[in-house]
Amino acid sequence: HIRGGRSSEIAYWVDGINVTDSYDNSLSQSVENEAIQELQVISGTFNAEYGQAMSGIINIVTKEGASKFDLNLHLYGGDYLSSHSSLYSNLNQFNPIYNTQLTLTGPIRSGISFFTTARYAYEDGYLYGERRFTPQGQAGDNKAIAMNDEALLSIQNKLTFRISGAIKLAFGQLYSTKTYHSYNHRFRLNPDGIPEEHTQGQNYYMIWTHTLNQKTFYTLNASYQKSEYQIYKYENPLDSRYIHPDSLSGEPTFSFLNSGIDNRHFERYTETLIAKLDITSQISMRHQLKAGIEYKRYHLYLDEFYIMPELDESHVE
């Protein structure tokens, strides 16, 4: 949050391109720390080139390929630990958190270089349910089931061509996907009933920079972005494992559920095409002139419904 504004009032830029999701104004895909060359936080009085932001700007410049080959591998792990076993069950068992990141950079040939990084991370979380019941209302095996686990995969690439001393061309790609569960306390004794959530972001962009003289240069950017979010228990809405909510005995509000499934199906995505031209000139020691034009076209899709399988009247009291 910047200057008291909401998180949706911030615009996110990567390598001169707006990567804000038009659906909720969030960052459409993650950017790994290993890939960041420079990060700028503009908390007010930003230039006219930064539009669609009320609170501030997060401006990220990613790394380019190095002149020499460099390989880095980062590994780390851990686990959650608490003495409050009545609140946080199963933390006395070792359920490792692990993170693996590989970064490679270097030249391909004269004037061409690359940068790439990939990270995979997984954790069980710290909130567990106990499978005392199955979604069908039968007795479970009492195993501990993770209810806020998370798996993340992130890949970033950048290819840079130094065509001449005055012209540089770069192609970039950002990709991230995450699969996770959000804890629901009512399903604590029936943990198999909560749905799975999926997010995915991808961005492909091109940057052409041309220095006309010592005082003037222009930049041409183009990008395609797609941001997705889904939530469901079973991907196929016709899956026979879905259960009609009226076919099972109901429990009072604020009690643990001993049967049932969260039958939500939600899907949304945002596709965005951006083309942008900027020209900058240092017209005097004290004055810099900048002008530009931007074209943005986006498509929003949202579909939400609840699964209501056919009710078997013989099982209703």
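1. S10 and S11 each supply at least two residues of the lining of the largest cavity. Strands here are DSSP runs (E, at least two residues), numbered from the N terminus. S10 gives the largest share of that lining, three residues. S10 spans 150-162, and S11 spans 167-180.

2. Some ground rules. This is a predicted model: local features need pLDDT of at least 70, side-chain atom pairs count only at pLDDT 80 or more, and totals for chains, interfaces and linings use all residues. Residues are numbered from 1 along each chain as its sequence is written, and side-chain values use heavy atoms, with hydrogens and water left out.

3. Terms for the spaces. The search uses a 1 Å grid over the protein atoms alone. A cavity is a set of points where a 1.4 Å probe fits but cannot get out. A pocket is an open set with protein on both sides within 12 Å along at least five of seven lines. Lining residues have an atom within 4 Å of a point. Points are joined across faces, edges and corners, and a volume is the space filled by probe spheres set on them.

4. How many cavities of 30 Å³ or more does the whole structure hold? The search finds two. The classes are: Ala, Val, Leu, Ile, Met, Phe, Trp, Tyr, Cys and Pro nonpolar; Asp, Glu, Lys and Arg charged; the others, Gly among them, polar.

5. The second largest cavity has a volume of about 30 Å³. S13 and S14 each supply at least two of the lining residues. S13 gives the most, with three.

6. Now the open spaces. The largest pocket has a volume of about 640 Å³. It is lined by 26 residues, and Asp15, Gly16, Phe217, Thr219 and Lys290 lie nearest its centre. Strands S4 (56-62), S11 (167-180), S12 (196-211), S13 (216-232), S14 (264-282) and S15 (288-306) each give two or more residues to this lining. The lining divides into nine nonpolar, nine polar and eight charged residues.

7. The second largest pocket holds about 310 Å³ of space. Of its 20 lining residues, Leu27, Ser28, Gln29, Ser176 and Thr199 lie nearest the centre. S10, S11, S12 and S13 each give two or more residues. S11 gives the most, with four. The classes here are four nonpolar, 10 polar and six charged.

8. Last, a sheet. Four strands form an open sheet in the order S2-S1-S4-S3, with mixed pairing. Two strands pair if DSSP finds at least two bridges between them. S2 (17-18) and S3 (36-42) are the edge strands, each pairing on one side only. S1 (residues 10-14) and S4 run parallel, joined by five bridges. Alanine 11 has isoleucine 57 of S4 as its bridge partner. S4 also gives two or more residues to the lining of the largest pocket.
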